[in-house]
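Thanks for asking me to look this one over.

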Amino acid sequence: MNYRIKRLSALALIMILLATLAFNVYAAPQPVAYNSGTRHEVCSSLSDAAQDYYSADFAYDRLSRQSSDQLLISLRALMTSTHTYTAVYSDCRDLAPNTDCENGEGINKQLTTIYTSYQSSYSEYNKGSGWNREHVWPKSLGGFNTDGAGADLHHIRPSENRTNSARGNLKYGYVTGGASINGNLSGLKGGDKGSFYEPLDNAKGDVARICLYVYVRYGGELTKCSNITNVFQSIDVLLEWCALDPVDEWEMGRNDVVEGVQGNRNVFIDYPEYAWLLFGKQLPADMTTPSGKASQTPPVSDNEQTADGACDHTFSEWESIGDGAKFRACIYCGMHEFSSPKGADGAIYTSIFIAVGAFFAVGAVIGIVLVYRRKNKKPA
């Protein structure tokens, strides 16, 4: 009897352990902070979390001199390698009072919708005059559903039901002579629609930076996300909207909160400058950004690595890799150089000699075995 009780107790403990592990895998990190930022108040400094996020390898002064292609690779590597928690679709609903509240009001279950800046209550989710989850990059234009890119907290935003429905899956762009989109309340406008969807000016920068995030973070995995013009009228319109509606304190606060959950950040909120560099465009020197780097970034033609891929190469310090051999890399294009006591190519030649020697040694062993077997073969 005691033996059976012990076995049952052990099984119960194992079940509890497995349940705990499962919860840790699928549950968002707790506790989650509240967004303390204010909407439409221009952000002119990086948050402490933003400053801590960028290591020396991903410092702006280094990445800003890379070619457009290399910059895309670097930013994708940064936002992917630090993406430690994969949100599920329910997180985009349950954490909305944390990520999308203003001035910390999420503690009262309040949140702000993306296109109209209307403050709603969490309890109004999916109700007639309430809010729902908006895929800023429409699912049909991105090739995802409600997981992965379709459940990323940097991407999914609360939107009023009516505005979300009227927007549909239209690409973003300028609308002339289109229809006005009205919000849930009388007099509340959510933009215009025609061949494209044009949100209000105070939301244009938000959607541009979100789409840039999806383009870089998921463009290597999803074909439809690998071209920004699949969701925007043109690259020029995208950049115009980034400049027209600069990053506000609220976006920076939201970036901090989402980083606390997922582990990664939207780099285009911290450094909007990357949007221009990514497409080889000249930065507006008078643009206000959190880092203040827009006016300090060299013109595109002065960058160390030019648009045609040529690089003047500025190498890091030599680093020892053992046996007197050393290694260094260009801080802009990543080209490697090796050095050894035998000269710059010594390590390469040594490797070749070892490989050739090994080849002949193996051949000799095989030859000896064949001769031995032939001598000892019994006559038929």
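1. A word on the model first. This is a predicted model, in which local features need pLDDT of at least 70 and side-chain atom pairs count only at pLDDT 80 or more, while totals for chains, interfaces and linings use all residues. Residues are numbered from 1 along each chain as its sequence is written, and side-chain values use heavy atoms, with hydrogens and water left out.

2. Let's begin with the interior. A nonpolar core here is a set of buried Ala, Val, Leu, Ile, Met, Phe, Trp, Tyr and Cys residues joined through side-chain atoms within 4.5 Å; buried means under 20% relative accessible area, exposed over 50%, and partly exposed in between (1.4 Å probe, protein chains only). The largest such core has 58 residues, and Trp 137, Tyr 172, Phe 232, Phe 268 and Tyr 274 touch the most other members. At least two residues each come from α2, α3 (60-63), α4 (68-81), α9, α10, α12 and α13, with α9 giving the largest share, 10 residues. A second, separate core holds 11 residues, including Ala 87, Cys 92, Leu 95 and Val 261.

3. Now the helices. Helices (H or I, at least four residues) and strands (E, at least two) are DSSP runs, numbered from the N terminus. In α11 (residues 249-262), 11 of the 14 residues are buried, among them Trp 250, Met 252, Arg 254 and Glu 259. Their cover includes α2 (48-53), α6 (96-99), β4 (156-160), α9 and α12 (267-270), where contact means heavy atoms within 4.5 Å. Gly 263 follows α11 and has a positive phi, near 100 degrees.

4. Next, α10 (residues 235-244). Its buried residues are Val 237, Leu 238, Leu 239, Trp 241 and Cys 242, and they pack against β7 (197-198), α9 (201-218) and α13 (273-278). In the loop between α9 and α10 sits Ser 234, which is partly exposed at 23% relative accessible area. The C-alpha atom of Ser 234 is 7.8 Å from that of Gly 173, although the two are 61 residues apart along the chain.

5. Thr 113 deserves a moment. Found in the loop between β1 (110-112) and β2 (119-121), Thr 113 is buried, because its relative accessible area is 2%. Its side chain makes a polar contact with that of Thr 116 at 3.0 Å (a pair of N or O atoms within 3.5 Å; within protein, one must be able to donate a hydrogen and the other to accept it, and residues adjacent in sequence count only if both atoms are side-chain atoms).

6. Finally, the cysteines. The structure holds 0 disulfides, a disulfide being a pair of cysteine sulfur atoms within 2.5 Å. Cys 43 counts as buried at 1% relative accessibility, and so does Cys 92 at 6%.
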